[in-house]
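Student: I have the sequence and the model open, and I'd like to go through them with you. Can we start with the strands?

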Amino acid sequence: MSGFRISGAREQVELLRLTALHDLDVLDQPRTPELDGLARLAAFVCGTPTAMVNLIDAARQFPAAAYGFEPVESSRLDSMCNTSIQCLDVSYTADAAVDPRWSDNPFVTGVLDRVRLYAAAPLILGGGEVIGTVCAFSGRPQELTRLQLERLRDVADQAVLVLQLREDAARLGHAATRDHLTGLPNRALFSEALTLAMAKHQRGLATPSVIFLDIDRFKAVNDTYGHAVGDELLRAVAQRLLATVRASDLLARLSGDELVVLSEGASGDVDGAQFLVRRLQQAFAEPFQLSCGELWISASVGAATAIAGESPAEVLARADAAMYEYKHLRNARLR
């Protein structure tokens with residue numbers, strides 16, 4: 001933990017606290033007007049020139065919001081709020097310079113700042129985990145009333161709601177754009193990405209290609225082994241193809257056994273799609289190890305590279321047609 005250590009019974013509490021904080025997925029996110037507004041409200045409530053919303057990670061203090069100055073991340077060892085998260089009540093001192101809890105802190109001694117008034121309300125999640133504080137502070141000693149401290153606690157409660165709503169919105173946004181079975185981007189996300197890629201193409205910035213892929217005899221797999229194995233196969237195919245495409249390519253599931261890849265090549269690049277087609281075909285050269293045993297399958301693949309004046313729907317339709325042409329020609333050769 002880069003210098004910060006805990007021991008004894010608190011170790012499990014700290015682990016639960018950090019897990020809850022990381023599950024929120026709010027660390028290292030851009031500041032938002034909602035949280036900055038709550039920092040401003042905390043300063044108004046306490047009559048201070050500055051206030052912050054701080055999240056206490058394993059070894060650092062991350063400023064999620066601030067009012068009155070531009071904050072920077074600091075070490076947890078230096079954090080005044082690190083002391084405040086050790087209790088569920090509001091932490092308060094009229095003059096930190098004479099308070100043994102903070103008198104040696106670099107934010108008080110002048111090494112980093114000269115804080116005198118300091119008040120912090122803990123950010124407490126539903127499970128009781130304290131992930132940080134809303135704190136207000138000033139460079140001069142100052143008394144606060146009980147009512148002010150209670151209102152600061154109210155601001156902290158609102159900050160927790162904002163953080164949880166941000167997490168909920170991110171989760172819902174992810175669910176709305178992901179296929180529930182494979183975890184791949186779904187048709188909605190693929191359509192949005194293709195529209196953006198085609199707009200770049202019209203400006204001469206890229207040459208996107210769409211590669212359509214259909215698993216051969218997938219219905220026979222479902223009929224023979226059951227839909228659970230069919231779902232297992234789709235997940236296995238998705239994982240193998242994810243390992244095949246480049247990080248810059250978008251692999252999506254449109255529906256059923258139909259998968260599609262969006263490859264944004266450099267402007268004028270028309271050979272990249274065929275290279276990727278060959279790689280995707282080679283991905284089926286090895287069997288899939290499933291609960292029913294070893295399963296050999298193949299896939300029909302077709303590609304289309306965008307041309308001038310073409311719409312997203314048109315390039316997708318051409319890739320679909322190329323895939324069906326490939327399937328028809330191969331079936332004809334096997335007869």
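Student: What joins strand 1 to strand 2?
Tutor: A hairpin with three residues joins strand 1 to strand 2. Helices (H or I, at least four residues) and strands (E, at least two) are DSSP runs, numbered from the N terminus. This is a predicted model, where local features need pLDDT of at least 70 and side-chain atom pairs count only at pLDDT 80 or more, while totals for chains, interfaces and linings use all residues. Residues are numbered from 1 along each chain as its sequence is written, and side-chain values use heavy atoms, with hydrogens and water left out.

Student: How many bridges are there between strand 1 and strand 2, and in which sense do they pair?
Tutor: Strand 1 (residues 50-56) and strand 2 pair in the antiparallel sense, over six bridges. Two strands count as paired if DSSP finds at least two bridges between them. Val 53 has Ala 65 in strand 2 as its bridge partner.

Student: And what about strand 2 and strand 3, how many bridges there?
Tutor: Two bridges join strand 2 to strand 3 (residues 74-75), and the strands run antiparallel. The bridge partner of Arg 60 is Ser 75 in strand 3. Strand 2 and strand 3 also form a hairpin, with six residues between them. Gly 68, in that turn, has a positive phi of about 95°.

Student: Why is strand 2 described as largely enclosed?
Tutor: Seven of the eight residues of strand 2 (residues 60-67) are buried, so the rest of the structure largely encloses it. Buried means under 20% relative accessible area, exposed over 50%, and partly exposed in between (1.4 Å probe, protein chains only).

Student: Which residues touch the most other members of the largest nonpolar core?
Tutor: That core has 36 residues, and Leu 35, Leu 55, Leu 123, Ile 131, Val 134, Leu 152 and Leu 163 touch the most other members. A nonpolar core is a set of buried Ala, Val, Leu, Ile, Met, Phe, Trp, Tyr and Cys residues joined through side-chain atoms within 4.5 Å.

Student: Which helix gives the most to this core?
Tutor: Helix 5 does, with eight residues. Leu 152 is in contact (heavy atoms within 4.5 Å) with residues including Ala 42, Val 90 and Val 134, leaving aside its neighbours within four places in sequence. A second, separate core has 28 residues, among them Val 229, Val 245, Leu 251 and Ala 299.

Student: Back to strands. Which strand does strand 7 pair with over seven bridges?
Tutor: Strand 7 (residues 207-215) pairs with strand 12, in the antiparallel sense. The bridge partner of Leu 213 is Val 301 in strand 12. Strand 12 (residues 299-305) is mostly covered, with six of its seven residues buried.

Student: New topic. How many disulfides are there?
Tutor: The count is zero, where a disulfide is a pair of cysteine sulfur atoms within 2.5 Å.

Student: Last one. Which phi value does Arg 217 have?
Tutor: Arg 217 has a positive phi of about 55°, although it is not a glycine. Most residues other than glycine have a negative phi. Arg 217 sits in the loop between strand 7 and helix 7 (218-225), and Arg 217 is exposed, with a relative accessible area of 67%.

Student: Where is Asp 28 placed?
Tutor: Asp 28 is in the loop between helix 1 (10-24) and helix 2 (33-46). Asp 28 has a positive phi too, near 60°.
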